[in-house]
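Please look over the structure shown here before reading on. The questions that follow take up its strands, its helices and the confidence of the model.

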Amino acid sequence: MIIHNHFDVNSKGHLTIGGTDAVELAKEFGTPAYILDENVIRENCRTYLRAAREHFGADALPLYASKALCFTGIYKIAAEEGLGVDCVSGGELYVAKRAGFPADKIYFHGNNKTDRDIADALDMGVGTFVVDNCDELEALSEAATRRGITQRILLRITPGIDPHTHRAIMTGNVDSKFGSAIVTGQAMDIVKRAIAADGIELAGLHCHIGSQIFDIEPFSDAAAIMVRFIAQIKAECGYEIKELNLGGGLGVRYTEYDRDIDYAEAVKDIATVVKNLCAEGGVKLPKIILEPGRSLVAAAGATLYTVGGVKEIPGFKNYISVDGGMPDNPRYALYQSQYTALIANRANEPRDYRATLAGRCCESGDLLGENMEIQKAKRGDILAVLVTGAYNYSMASNYNKLPRPPVIMLKDGVARVAVKRESYEDLVANDVI
């Protein structure tokens, strides 16, 4: 086992992903390529669904946070496993619709929904809008009233929690760009506006404190703040909040130095806090919604590359260059995210060489990691970066006009193309000559 139990080494000394030889996958599909173990994704979906319903009740619902990994096939998996989804853009809504995902189980997020976004989502029959601010509330009220419908909403509330994660992925602090803060009084103001708005049904509240969080305490603290706010709304407005969305953000193990989280136990711990506080505050337990994204798909993925060369600078550092880089995985450039990497065709050998993994772009910051422990490489080797199922394909770009890699799905040892590799023709398909 390497980090997660679906990564292993076979009798040839090759890395296996879901029991399939990674070197053979590279030969069949080329590199770079994203590889996803569908069985892992499905089991993670089932873990969340079982835990949510066991500890919060039969109406509890996990939503797949599709910004983590968005393509048609992932929505089909979410639907088949009984999850809802959250979408954050018109594009994600379009992909969900194309996949046949039931619109009534879609929660539409975003801090700046355009008029077109609102119109498209209403016409699509999206079940729930997660409203970020007063301007959006007013625009949605007008659009729904014109159509003669009442749109179900949650309000995004900022609980004022520091989850001790990277600042770029913190979303629950008071000065966040997301939501309305409780401590400033703006949250109560937007609640009152929503209650009074035409064409709007205020069903509940939403909060999300950040991402890649390993401690349960920040989630419990946020839940406590939200339950107390629900009690305050009931006391001040005489209005009962029926639904509470606690967001997502539980961390994923990327390296041997990261903790391994038991997601079912985490859900149980948060449920205990919520239930106790509801009882203390005289608040009926609302329907609980969770929004796992990274923790459903990240560990299921690996990215395969071909080594182009090794450069050793005596007294300084060693570089291993690969045929991908920041266009297919920008997370190191953005967040200095740590990964586990190895030479897939010699995965049984000690990782006793230290190197910086360099991408192929004309950009000094095009790195996949620095000072990483890996086997010594040579041109033609297959290099694997593990745990790339989240925020790799979904954040990929065509920088330096590089085509985006394919997504290859594995299920029970069978590999299939879920997203085709882009061609050079794809890169110019929208150019007007």
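**Questions on a predicted model**

Q: Which strands stand at the edges of the open sheet of three strands?
A: The open sheet has the order 1-2-3, with antiparallel pairing. One side of each edge strand is left without a neighbour in the sheet, because each has a single partner strand; the edges are strand 1 (7-9) and strand 3 (20-21).

Q: How many residues of strand 11 are buried?
A: Buried here stands for under 20% relative accessible area. Strand 11 (residues 200-206) is largely enclosed by the rest of the structure, because the buried residues among its seven number six.

Q: Which residue of strand 11 is the bridge partner of isoleucine 153?
A: Strand 9 (residues 151-158) runs parallel to strand 11, and six bridges join the two. Within strand 11, the bridge partner of isoleucine 153 is leucine 202.

Q: Within what arc do the buried residues of helix 4 fall?
A: In helix 4 (residues 90-98), the buried residues are Glu92, Leu93, Val95 and Ala96. They line one face of the helix, because, seen down its axis, they fall within an arc of 165°.

Q: Which exposed residues does the face of helix 4 turned away from its buried side carry?
A: The buried residues of helix 4 pack against helix 3 (72-80), strand 6 (84-87), strand 7 (106-108) and helix 5 (115-124). The face turned away from that buried side carries the exposed residues Tyr94, Lys97 and Arg98.

Q: Which residue just after helix 4 takes a positive phi?
A: The residue lies just after the helix, and its positive phi is about 80°. This residue is glycine 100.

Q: Over which residues does pLDDT stay under 50?
A: The mean pLDDT of the protein chain is 95, and 97% of its residues reach 70 or more. Where pLDDT is low, the predicted coordinates should not be read in detail. That caution bears on a stretch for which the model has 29 contacts beyond four places in sequence, namely residues 164-172.

Notes
Residues are numbered from 1 along each chain as its sequence is written. This is a predicted model: local features need pLDDT of at least 70, side-chain atom pairs count only at pLDDT 80 or more; totals for chains, interfaces and linings use all residues. Side-chain values use heavy atoms; hydrogens and water are left out. Two strands pair if DSSP finds at least two bridges between them. Helices (H or I, at least four residues) and strands (E, at least two) are DSSP runs, numbered from the N terminus. Buried means under 20% relative accessible area, exposed over 50%, partly exposed in between (1.4 Å probe, protein chains only). pLDDT is the predictor's confidence in each residue, from 0 to 100. Contact means heavy atoms within 4.5 Å. The arc is that of the directions from the helix axis to the C-beta atoms.
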